[in-house]
Amino acid sequence: MFFRSNDESSTVVRLLAEQVRRDISFGVLAPDSKLKIDELRQRYGGSANSFREALTQLANDGLVEATPQKGFRVASATTADLQDITRVLFEVESVAIRWSMAAGDVRWEGEVIAAQHRLSRVENLVAHDAAEHAVEWEEAGRALHATLASACGSPRLLEIMQKLYQQSARFRLSRLHGQAFDPRVSQTAHARLVNAVLARDASATHEALREIIFGWKTN
């Protein structure tokens with residue numbers, strides 16, 4: 001029973017963290033807004049201790065800032081923040097994909113093709129109804145990039161990349177909802193990226209990845 005209780009507690013913390021992460025990504029919880037435990041409990045449920053743990057996890061991911069004696073607040077989302085995240089993510093993912101291309105086998109190639117196919121289908125849907133399919137689009141895009149990097153052989157590199165994707169999600173979704181992002185352009189760029197990766201063309205991979213990642217912050 002002791003271990004079951006711990007497992008259940010961990011599950012509750014994870015679910016609370018996911019709910020808050022999603023609302024930060026969609027702008028429901030605005031940048032720099034204070035995260036008061038009592039207000040969060042009224043909105044999402046859960047205990048005060050569970051929420052403190054969930055917010056601490058999100059602080060480790062860079063989505064929440066924790067200040068002694070002042071509590072928690074949503075991390076800022078300035079142009080400078082986006083530029084910094086974008087530059088670092090591009091460098092990190094470039095290394096991860098390069099290592100994956102060197103080590104990836106036929107099974108990895110099949111997983112990449114499947115992930116790209118799923119994203120392509122979702123991007124067709126997003127082109128007609130961005131609001132309805134935004135979550136699915138974000139998940140499919142993140143899954144493709146994670147799959148491309150998955151054969152790199154470095155758990156630490158993948159962890160850094162995952163955190164950067166979590167931090168950049170709200171910028172992508174904001175552009176999508178603001179109609180400042182064309183999913184068809186992304187669809188074409190991702191097809192070029194996958195083709196370059198499977199051909200082990202380092203130069204073409206680098207350029208396609210640059211177009212995709214820096215395209216998230218420019219028109």
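Tutor: A residue counts as buried when its relative accessible area is under 20%. The model discussed here is predicted.

Student: What span does helix H4 reach from its first C-alpha to its last?
Tutor: H4 covers residues 79-103, which makes 25 residues. At 1.5 Å a residue, a span of 36 Å is expected, and the helix comes close to that. The span reached is 36 Å.

Student: Which helices are included in what covers the buried residues of H4?
Tutor: The buried residues of H4 include Leu82, Ile85, Leu89, Val92, Ala96 and Ile97, and also Glu93 and Ser100. An α-helix has 3.6 residues a turn, so residues three or four places apart point the same way. The cover over the buried residues of H4 includes H5, H6, H7, H8 and H9.

Student: At roughly what angle do the axes of H4 and H7 cross?
Tutor: Two packed helices are described by the angle between their axes and the distance between the axes. H4 passes H7 in a left-handed crossing. The two axes come within 9 Å, and they cross at roughly 145°.

Student: How many nonpolar residues does the contact of H4 with H7 have?
Tutor: On the H4 side, the residues include Leu82, Ile85, Leu89 and Trp99, and they meet residues of H7 including Ile160, Met161, Leu164 and Phe171. Asp81 and Glu93 in H4 also take part. By class, the contact has two charged, two polar and 14 nonpolar residues.

Student: Is Leu144 buried or exposed?
Tutor: Leu144 lies in helix H6. Not counting residues up to four places away in sequence, Leu144 touches Val112, Ala115, Gln116, Leu119, His190 and Val194. Its relative accessible area is 0%, and the cut-off is under 20%. Leu144 is therefore buried.

Key: Residues numbered from 1 in each chain as written. Predicted model: local features only at pLDDT ≥ 70, side-chain atom pairs only at ≥ 80, totals over all residues. Heavy atoms only, no water. Helix = DSSP H or I, 4+ residues; strand = E, 2+ residues; numbered from the N terminus. Expected span 1.5 Å × (residues − 1). Buried < 20%, exposed > 50% of the residue type's maximum accessible area, 1.4 Å probe, protein only. Contact = heavy atoms within 4.5 Å. Axes fitted to C-alpha atoms, helices over the stretch in contact; angles between N-to-C directions. Left-handed = near helix turned anticlockwise from the far one by under 90°. Nonpolar A, V, L, I, M, F, W, Y, C, P; charged D, E, K, R; others polar.
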